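Here's a quick briefing for anyone opening this structure for the first time. Have a look at the sequence and the model, then read on.

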Amino acid sequence: MDAARRKIPAILHDAVRTKQRLVECAEDIDRAARLLIDALAEGRKILTCGNGGSAGDAQHMAGELVGGFRKRRSGLSCVALTADTSVLTSCANDFGYEEVFARQVEAIGARGDVLVGISTSGNSANVIRAFEAAAGAGMKQVALTGNNGGRVARMPGVLGIVVPSSSTQRIQECHITIIHVLCELVEDAVFGTDAR
């Protein structure tokens with residue numbers, strides 16, 4: 001077995017161990033799910049944002065909630081702030097990249113909506129600015145982070161789900177698991193737990 005093949009089991013075992021530790025976040029995941037469920041029940045919407053792989057996760061979450069996760073059902077109101085390149089580039093050009101999500105939160109966020117900001121480090125400047133804008137708009141706030149949660153998880157009013165890992169790839173893998181758990185809990189609460 002060559003060196004690369006010998007490395008594969010170690011990588012997979014590390015991924016499994018990190019996922020097992022994610023149980024430590026169960027209470028925070030439940031609290032986040034309740035925020036999302038309550039907002040949707042009140043006719044509010046969910047906004048998501050992040051950079052790089054976290055931008056993909058933000059769009060993934062919107063896709064699952066709007067398009068359907070495990071059920072064939074009507075769409076749930078969720079907008080990924082990472083998807084409109086014209087808005088992103090105009091805001092970056094005119095106001096700086098730190099403002100690309102905050103401007104959108106100011107434009108379409110409303111009291112009672114929920115912002116889900118995703119940052120593996122918890123220190124992404126544009127995600128921090130988005131949370132500041134969300135607080136100003138009276139929105140609920142959920143952060144998916146890792147390491148020690150970074151600045152985002154310590155912001156007033158932000159419910160932080162902090163993956164217990166310092167490995168970027170393990171944190172990202174856990175973020176998509178958390179998103180899937182949230183989507184399942186939301187879908188079951190809104191549409192029931194009957195046949196899929």
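How do α3 and α8 run relative to each other, roughly parallel or oblique? This is a predicted model, and in it the axes of α3 (residues 53–67) and α8 (residues 168–191) cross at roughly 15°. An angle under 35 degrees counts as roughly parallel, so α3 and α8 are roughly parallel to each other.

**Helix α3 against helix α8**

- The two axes come within 10 Å of each other, and α3 passes α8 in a right-handed crossing.
- On the α3 side, the contact is made by Gly53, Asp57, His60, Met61, Glu64 and Leu65.
- On the α8 side, the residues are Gln172, His175, Ile176, Ile179, His180, Leu182, Cys183 and Val186.
- Sort the residues of this α3–α8 contact by class and you get 7 nonpolar, 5 polar and 2 charged.

**Helix α2 against helix α8**

- Helix α2 covers residues 26–41, and its axis comes within 9 Å of that of α8.
- Their axes cross at roughly 45°, which makes α2 oblique to α8.
- The crossing of α2 and α8 is right-handed.
- From α2, the residues that take part are Ile29, Ala32, Ala33, Leu36, Ile37 and Leu40.
- They meet Ile178, Val181, Leu182, Leu185, Val186 and Ala189 of α8.
- What classes of residue make up this contact of α2 with α8? There are 12 nonpolar residues, with no polar and no charged ones.

**Helix α1 against helix α8**

- Helix α1 (residues 3–21) has an axis that comes within 10 Å of the α8 axis, and the two cross at roughly 50°.
- That angle makes α1 oblique to α8, and the crossing is right-handed.
- Ile11, Asp14, Ala15, Thr18 and Lys19 are the α1 residues here, and they meet Arg170, Glu173, Cys174 and Thr177 of α8.
- The contact of α1 with α8 has 3 nonpolar, 2 polar and 4 charged residues.

**Val186, a residue to look up in α8**

- Val186 is part of helix α8, and it turns up both in the contact with α3 and in the contact with α2.
- Is Val186 buried or exposed? With a relative accessibility of 0%, Val186 counts as buried.
- Setting aside neighbours within four places in sequence, Val186 is in contact with Ala33, Leu36, Ile37, Leu40, Leu65 and Leu76.
- For a sense of scale, Val186 and Asp84 are 102 residues apart in sequence, and their C-alpha atoms are 25 Å apart in space.

- A disulfide is a covalent bond between the sulfur atoms of two cysteines.
- How many disulfides does the model have? The count comes to 0.
- Take Cys78: the nearest cysteine sulfur belongs to Cys183, at 7.7 Å.
- Cys78 counts as buried, with a relative accessibility of 8%.
- Cys183 is buried too, with a relative accessible area of 0%.

**Asn147, in a loop**

- Where does Asn147 sit? Its place is in the loop between β4 (140–145) and α7 (150–153).
- The relative accessibility of Asn147 is 36%, so Asn147 counts as partly exposed.
- Phi of Asn147 is near 55°, which is a positive value in a residue other than glycine.
- Beyond neighbours within four places in sequence, Asn147 is in contact with Thr120, Ser121, Val162, Val163, Ser165, Ser166 and Ile171.
- Asn147 and Thr168 are 21 residues apart in sequence, with 8.7 Å between their C-alpha atoms.

**Ser124, in another loop**

- Ser124 is in the loop between β3 (114–118) and α6 (125–136).
- Not counting residues up to four places away in sequence, Ser124 touches Asn51 and Ser119.
- From Ser124 to Gly150 is 26 residues in sequence and 8.9 Å in space, C-alpha to C-alpha.

How values were computed:
Residues numbered from 1 in each chain as written. Predicted model: local features only at pLDDT ≥ 70, side-chain atom pairs only at ≥ 80, totals over all residues. Heavy atoms only, no water. Axes fitted to C-alpha atoms, helices over the stretch in contact; angles between N-to-C directions. Helix = DSSP H or I, 4+ residues; strand = E, 2+ residues; numbered from the N terminus. Parallel < 35°, antiparallel > 145°, perpendicular 65-115°, else oblique. Left-handed = near helix turned anticlockwise from the far one by under 90°. Contact = heavy atoms within 4.5 Å. Nonpolar A, V, L, I, M, F, W, Y, C, P; charged D, E, K, R; others polar. Disulfide = S-S within 2.5 Å. Buried < 20%, exposed > 50% of the residue type's maximum accessible area, 1.4 Å probe, protein only.
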